[in-house]
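Let's take a walk through this structure together, one stop at a time. Have the sequence and the 3D view ready before you start.

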Number of protein chains: 6
Amino acid sequence: MRPSGREPNQMRAVTIERGVAMKAEGSCLVSFGNTKVLVTASVETSLPGWLRGKGQGWVTAEYGMLPRATGTRTRREATAGKQSGRTQEIQRLIGRSLRAVVDLEKLGENQVTVDCDVLEADGGTRTASITGAYIALAEAIRWMDERKLTRGPALRDSVAAVSCGVYRGTPLLDLDYLEDVEAETDANFVMTGSGKFVEIQGTAEGAPFSREELDQLMLLAEKGIGELSLIQKAALEA
Amino acid sequence: MRPSGREPNQMRAVTIERGVAMKAEGSCLVSFGNTKVLVTASVETSLPGWLRGKGQGWVTAEYGMLPRATGTRTRREATAGKQSGRTQEIQRLIGRSLRAVVDLEKLGENQVTVDCDVLEADGGTRTASITGAYIALAEAIRWMDERKLTRGPALRDSVAAVSCGVYRGTPLLDLDYLEDVEAETDANFVMTGSGKFVEIQGTAEGAPFSREELDQLMLLAEKGIGELSLIQKAALEA
Amino acid sequence: MRPSGREPNQMRAVTIERGVAMKAEGSCLVSFGNTKVLVTASVETSLPGWLRGKGQGWVTAEYGMLPRATGTRTRREATAGKQSGRTQEIQRLIGRSLRAVVDLEKLGENQVTVDCDVLEADGGTRTASITGAYIALAEAIRWMDERKLTRGPALRDSVAAVSCGVYRGTPLLDLDYLEDVEAETDANFVMTGSGKFVEIQGTAEGAPFSREELDQLMLLAEKGIGELSLIQKAALEA
Amino acid sequence: MRPSGREPNQMRAVTIERGVAMKAEGSCLVSFGNTKVLVTASVETSLPGWLRGKGQGWVTAEYGMLPRATGTRTRREATAGKQSGRTQEIQRLIGRSLRAVVDLEKLGENQVTVDCDVLEADGGTRTASITGAYIALAEAIRWMDERKLTRGPALRDSVAAVSCGVYRGTPLLDLDYLEDVEAETDANFVMTGSGKFVEIQGTAEGAPFSREELDQLMLLAEKGIGELSLIQKAALEA
Amino acid sequence: MRPSGREPNQMRAVTIERGVAMKAEGSCLVSFGNTKVLVTASVETSLPGWLRGKGQGWVTAEYGMLPRATGTRTRREATAGKQSGRTQEIQRLIGRSLRAVVDLEKLGENQVTVDCDVLEADGGTRTASITGAYIALAEAIRWMDERKLTRGPALRDSVAAVSCGVYRGTPLLDLDYLEDVEAETDANFVMTGSGKFVEIQGTAEGAPFSREELDQLMLLAEKGIGELSLIQKAALEA
Amino acid sequence: MRPSGREPNQMRAVTIERGVAMKAEGSCLVSFGNTKVLVTASVETSLPGWLRGKGQGWVTAEYGMLPRATGTRTRREATAGKQSGRTQEIQRLIGRSLRAVVDLEKLGENQVTVDCDVLEADGGTRTASITGAYIALAEAIRWMDERKLTRGPALRDSVAAVSCGVYRGTPLLDLDYLEDVEAETDANFVMTGSGKFVEIQGTAEGAPFSREELDQLMLLAEKGIGELSLIQKAALEA
C-alpha cells in the first residue's frame, strides 16, 4: 500500500555514522532511508554577548539544504540573500529540541552550534536532523568532558524525532517524500529516550483531523522514537 | 493562583469589533484581555504568477507587531531589514489555519491577504490573530459574494485558536504574558467550529511533558475554542 | 467646492486621545478626519554610542503605515526588506520637528523614540503624526519628570503641523487624500505654539508656484496651526 | 564676517563645464566654489513597466558621493548595502525639480536618468546637483531632438537651486560647509528661470524662525537663482 | 620537508566517486587528500532571460562551504545574508573554467548549473572543485545526450586544476592547508586535458616572485594536471 | 591593425595628475587613454578590531564605477544593494597589490583606505586603478611621514599593473575596450618597479592558450610596467 512497500508502522532503514567530520568536535551522517543529513557540532568557549555572565552555556542549531538535495534544484539561500521561513522554523525547532535535554548550567560558559546540512532530501529532513543532532551534540559534550569544560553530566536524556501522517486514510510512521506530498495530516514528534514529549507539531494539510487520528499518530510516534533511541544508544556505544 | 485571578479553565474577556478599517474588504479589532490585534483582509482580483491558471484562489497572511506593543520597545522589522524567524513562523501558521477552512476553488481566481498587526501584546498574539483573521476573512468573502467574485460558499467551517500551558504544575487555558513566560509547557491549538484540529503545536519550555499533560491541555483547548466559536458566530451575525 | 464640503480655510475634525497604549511612557491616537495615527513615545535610559558622554539626550522618530491603511493594500516594508525613501523622509522630518522644541541637555542622558504608525490614511499622515508625536513626547517627558530623569523643563514650546495646497486654483487648508492627489502645489508647515516656523516644505506638483501663492498658503497654515495648538493644549490638560 | 570673506548676498564662484563625460548623452561638471559635482544624463528609449503605454516619458535622478568627497572618509553606500535616508531624500528632490520643467508628453516614451556624483563636498551639494542636472538634461534633450525622439520642445523652463541660511544672526546666500554646520536656519530653494518656485525646504536647525527671516532668505534666493540662470544660459549657448 | 611528508612534486591522493547524488543529472565526490567536495550538475531545459533565443546554452557554477568544513566554524553565508567576495571569486572561476571546454551551441538551449559544496577543507578547495565539476558536467552531458537535448558533442576537452606555491623557498605541487597558510607565493592553474591553459592566477603572498619561480610552478602544474586528467578519464570510463 | 592604430607593444597615453582631491591625504587622477580613475587615499589613525594590538597597520582598497562611465548606463551598486562579484574581485586585487609593496609594521597602527572610482571606462580600469592607487598611497605615506605616524620607510617598492591579450591572433599590450571585448585571451599583470611579479591573472576567453602565448604576453607586460614605473616615478617627483 505504501509506495515503498513498508508496513504502516515501519520506519525506513536508519543509520548513524559517527565522526565523519575531521575537524568538528562532534559529527555524524544520519540516514532515514534516502534522506541523508551531515551533522556537525562546534564548541566555542565563548558566548554571545546577551548570554555572558549568567553562569550557563547555550546550544543553538542551523539548518541548510544543498541545492540539489531535491528532485529539482532549489535556489541556494546564500545567493538568495536570506534563509527562508521554512529554514528558520526548522533550525529553531532543532535548537529547542536539543536544549530540552541539556542542563545549560552544567555546560559551563560554552556554546555548542549544531549544523545540519541535508545532502539528500526524501522526506523527514527535520526529524533526521534532530535525531542526528543529538549524536553530534553528545560527541561534542564528551569532547568537552575530556577537557574539563563541563561542570558535570550536561545531558539529561536523549532526544529523537519522527514524522507521522495520515496517507490515503491510513496512519503511517516515518513518511517519505512521496507520502508526505499527498498526506492529509502531517505531524512531527520530538521525544526523549525516556518517552516524554519535547515538541508536537500536527498540521491538517487537507481536511482537519480528529482527536482519534491524533492518538493513532502518537502511538506510531512512540514506537518509532523507541526504535530511534535504541539506534542512537548503539551509535554512541560503538 | 493565576496572576490574573482567573480560574484555570477560564478564558480572558474576548471581544471582536468588526468593520474597523474603512478601506479594507474585511476587518476587525480582536482582544483577548489586554492583547489587541487589528486585522484586515484585502481582496485582489489577481493572483501571484505561480498560482495563475489553476482554477483556484489563494489566502495568505502577514503578521506584525507595533514597536511598543511590548513592555520594552521592540525594534521595528522594517528598520531591521527583515522579518524575524518568529514573525515568519506565525504568519505561515495563520495562513495555513485559514486555508484549512477555505474551499480555494470556490474562491475563484482571487487572492485574500490577511494582515494581523498587534497593537498591544499580553500573550497569545498568534491565537488572537487567527481568531480575528477568520472574522476579517469571512467579511471579505461576503464582500466577494455580493460582487459575484466567488463560485459558491467558499468557507467550509470557522476556525479559532487558543494557547494552553502548564504553569506551576497546573494546566491553564489562554495564557497571558506573565503565565507564558513562566510556563513549563506551552501549546497552541487551532480548531474548527465543528471541533476538529487544524494545527497543534506543543513545546516543552522546561521539562518534557507526558501524554497525560497533553490530554489535559487538549481538553482545555476544546473548551476554549468552543467559546471562541460562539463569540465568532455572534460577531458575524451582529 | 471641496470634495468634503469644507470651507477653504477649514481644518478637518481633529481629535487627540491620550494614553491609549498601556505600556508606553507616552501615547495618543490622533485623527485628522479619517486619517488616524497611533503614536507611542518610549523612554530609554541609555543612549546610542555616538551620543554618550555629551551631557545631553536625544529624541528620534520612526514612521510606518499598516498595509491596509490605504485604498489598495501597500506592501509591508518589513517584507520588502527596507523602508521606502518616502518613509525615511517622513520619519526624519518628525524627528527634526520634535527636537526643535526640546532642550536636549535638560532631557538628561536619555533617549525618547517616538513611533508613528498610521492605522488609516486619508491625506496628511505626516502632519497628523507630528501633531500627535508632540503629545506622546510631552506625556513621556512628564513621566520622566516624575522619576527625576530630566534636568529641568525639557520642552521649550509645543509643535504641530498642517498641510496646505492649491487645488483647482484655490488655496486650501489641511488637504485630504482626494484633494492631495489633484493639488498643483502641496506644502507642509511645521510650527511652534508661539507661531514660529520649524520646517517648511513646499512642492510644485504641477506648475511652479509664485511668491503670492506661497504667502496665501502660509496664512492658512498659521490659522490651522493656531487651532491645532489649542487642541494640543486641551489634550494635555485633560 | 563670513569665513570665506564673501558678502552676505554673494554666491561662490560658479562654473559649469559641459560635455565632460564621453559616453553620456548629456553631462557637465558643476562647481559651487569647492563643491564639485559630476552630472551625467542617460537616455533610454524604453520605460519602466509601470509607465509604459501612457503616452509620456520620465525623468529620474540618482545621487551619490565619492567616499572621500568629505573631510573624513564616508562609508561607501555600495558597501553598506543601501542608500542612506539623506541620499534618497536628495535624489527624490532632484528628480522632482527636473520634472517640474519638463513636458513629459513631449519627451516621448523615453526615460532620462540623471546621475549626480559629488567629487568634492563643501556645502550645497544638492543645490549644485540640481543646477548642473538641468544642464545635463538639456544636453540630453538636444541629443534626443536631433534623433527625432522628442515630440516638440520638451523643456518648459530652466531650473536651478541655491541654499540660504541664517548664520550668527545674519541671512546669507549660498552657504559653504563651515557656514552650514553652524547655521541656525537652513533653506533650499529650487526655482525656475522665470522666477517661480518649484520647491522650498526650510529647516530650523537651532531656534525656530520667523516669517520675516524666511522673507529675507527668499530675497537672497531670488537673487542667487537669477545669477545661476544666467550662468546656465551661457553654458548652454557656449 | 613538507608537513605531510610528500615529495615537492607529489600530489595528494586524489579520488573521484561518481554518481553520489541520487537526484542530480551528474555528480561526484572529489577528494584531494583531506579536502572533500560534493559536486552536482543540474540540467534545466530553460535559460535565463538574457540568454534566450541566441541559439546556445549556458554553464554556470555556485560554490559553498559547510560551516564546519574548516578548523574553526565559519559563519554560514545564508545567515550572513550574502556570499563573501572570496566565494563569488571562486564560483566565477569555476564557471569560466567549465565554459572554456564546452561548445555552448552544441549544448542546445539548456542550462547546466554545477554546485560545488565543500564538506571538508584542507587547502585547494577551488582546484578540487574544478576537477570534480568537470566530471559532474560530463555526466550531465551524457544524460542530455541520451535524451537528445544536445546538438552533437558538447565537450571539446577535459579541464582540471591544481595549486602550486613556494613554501619555505621550495616550489611545491598541490598545497594543503598548512602549506598554503605559510606559502610566499600561491598560484592556481586551470588546464585542459590537452595541456593548454584556461586560467592562471598567481599571487605573491609575501615577497614578489620572479619569472623563474613562476616557470617552476608551471612545470609542477603541468605534471599535476597531467595526473588529474588521467584520473578524470578513468573515472568517466568506470 | 588595432582599432586605435597603436602598435601591438604600445601603451595608450598614460597621465597621472596628483593632489586632485582637496581633502584626501593622497590622491590622483590616472588616465590610460580614455579610461579615467579618480583615486584617493584616506588615513585613519585607528584600526579595525581584528587588527588591533598586532603592532602593524593595514592597507585596504575599494573600487566603484560611476553609472555612466560605461557606454550604456550601469546600475548603481548602492541602489542594487550590493557590490557585484566583479567589483569585489577587483577591490581585493587592488588591496593585495598595494600590500605587496608595503611594510605593514613600519606603517604603525594606522589604516590607509584607497578608493578607486572610475569616471570613464574604456578597458583596463583595474590596471589603471592599481597604477594610480600606488601614487595616492605614496602621497598618503608622505603625509604620515611628515606627522611621524610611520616607523621608518613603509614603501618597499613601487607597484603598477597592465593588461595584455591575444586579439585576432596577435599579442597586444594594454587592451582598450574594443580589443578587450574581442580578445581570445586576457591577462592582467601586477609588477613591482624592480620587475618582480605581484599577481598574474590570465584567462582564456575563447580557446585555451599555450605556454608560448603566455610568455609573449609576459614580455609585453614587462615592457608596459617598465614604462608605467617611470611615469609613476616622474609623478612622485613632480
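Keep in mind that this is a predicted model. Start at F:E89: with a relative accessibility of 13%, it counts as buried, because buried means under 20%. What does its side chain do there? F:E89 meets the side chain of E:R92 in a salt bridge, with 2.6 Å from N to O. F:E89 sits in helix α2 (residues 85-99) of chain F, while E:R92 sits in helix α2 (residues 85-99) of chain E, so this pair joins two chains. E:R92 itself is partly exposed, at 32% relative accessibility.

That was one pair, but how many salt bridges turn up over all chains? A search of the whole structure finds 132. Let's look at a couple in chain B. B:D122 pairs with B:R12, and their closest N and O atoms are 3.9 Å apart. This pair links distant parts of the chain: B:D122 is in the loop between β5 (111-120) and α3 (125-146), B:R12 is in the segment before β1 (14-18), and 110 residues separate them. Are the two partners buried or exposed? Both B:D122 and B:R12 are buried.

Now for another pair in chain B, B:E237 and B:K233, whose side chains form a salt bridge with an N to O distance of 3.7 Å. Both belong to helix α5 (residues 211-237), and they are four residues apart, which is about one turn of the helix. B:E237 has a relative accessible area of 60%, so it is exposed. B:K233 is exposed too, with 52%.

Over in chain A, salt bridges link up into a network. Its members are A:R2, A:R6, A:R12, A:D122, A:D174, A:D176 and A:E179.

While you're in chain A, turn to what the UniProt record says. An unreviewed entry carries the annotation "domain: Exoribonuclease phosphorolytic" for residues 10-140 and 158-224 of chain A. How are these two stretches built? Residues 10-140 are 27% helix and 31% strand, with the end C-alpha atoms 31 Å apart. Residues 158-224 are 30% helix and 43% strand, and there the end C-alpha atoms are 14 Å apart.

The unreviewed UniProt entry also has a "binding site" annotation, which covers A:R86, A:G124, A:T125 and A:R126. These residues are spread over 41 residues of sequence, yet they cluster in space, with a largest C-alpha distance of 13.4 Å. Find A:R86 in helix α2 (residues 85-99) of chain A. A:R86 is partly exposed, with a relative accessible area of 30%. Leaving out residues up to four places away in sequence, A:R86 touches A:Y63, A:M65, A:T125, A:R126 and, from another chain, B:R92. A:G124 sits in the loop between β5 (111-120) and α3 (125-146). With a relative accessible area of 17%, A:G124 is buried.

Next, head for the surface of chain A. Which residues form a nonpolar patch there? They are A:Y177, A:L178 and A:V181, and together they have about 330 Å² of accessible area. A:L178 is part of helix α4 (residues 177-182), and its relative accessibility of 54% makes it exposed.

F:N188 counts as buried at 12% relative accessibility. Beyond four places in sequence, its contacts include F:R126, F:T127 and F:E199.

Finally, zoom out to the chains. Chain E can be laid on chain A by a turn of 180° and a shift of 0.0 Å along the axis, with an RMSD of 0.0 Å. The two copies are therefore related as by a two-fold rotation axis. A rotation of 180° with 0.0 Å of shift also superposes chain D on chain C, again with an RMSD of 0.0 Å. In chain D, D:Q201 has the C-alpha nearest the axis, 2.2 Å from it. As for how these copies meet, 100% of the interface residues of chain D are also interface residues in chain C, so the copies meet through the same surface. Some chains don't touch: chain A and chain F have their nearest C-alpha atoms 10 Å apart, and no contact joins chain B and chain D.

Note on methods
Residues numbered from 1 in each chain as written. Chains lettered and ligands numbered in written order. Predicted model: local features only at pLDDT ≥ 70, side-chain atom pairs only at ≥ 80, totals over all residues. Heavy atoms only, no water. Patch = residues over 30% accessible without salt bridge, like charges linked within 9 Å, V, L, I, M, F, W, Y side chains within 5 Å. Areas by Shrake-Rupley, 256 points an atom, 1.4 Å probe, with all protein chains shown as cover. Salt bridge = Lys/Arg side-chain N within 4 Å of Asp/Glu carboxyl O. Buried < 20%, exposed > 50% of the residue type's maximum accessible area, 1.4 Å probe, protein only. UniProt positions renumbered as here; feature names shortened; annotations may be inferred. Least-squares fit on C-alpha atoms with pLDDT ≥ 70 in both. Contact = heavy atoms within 4.5 Å.
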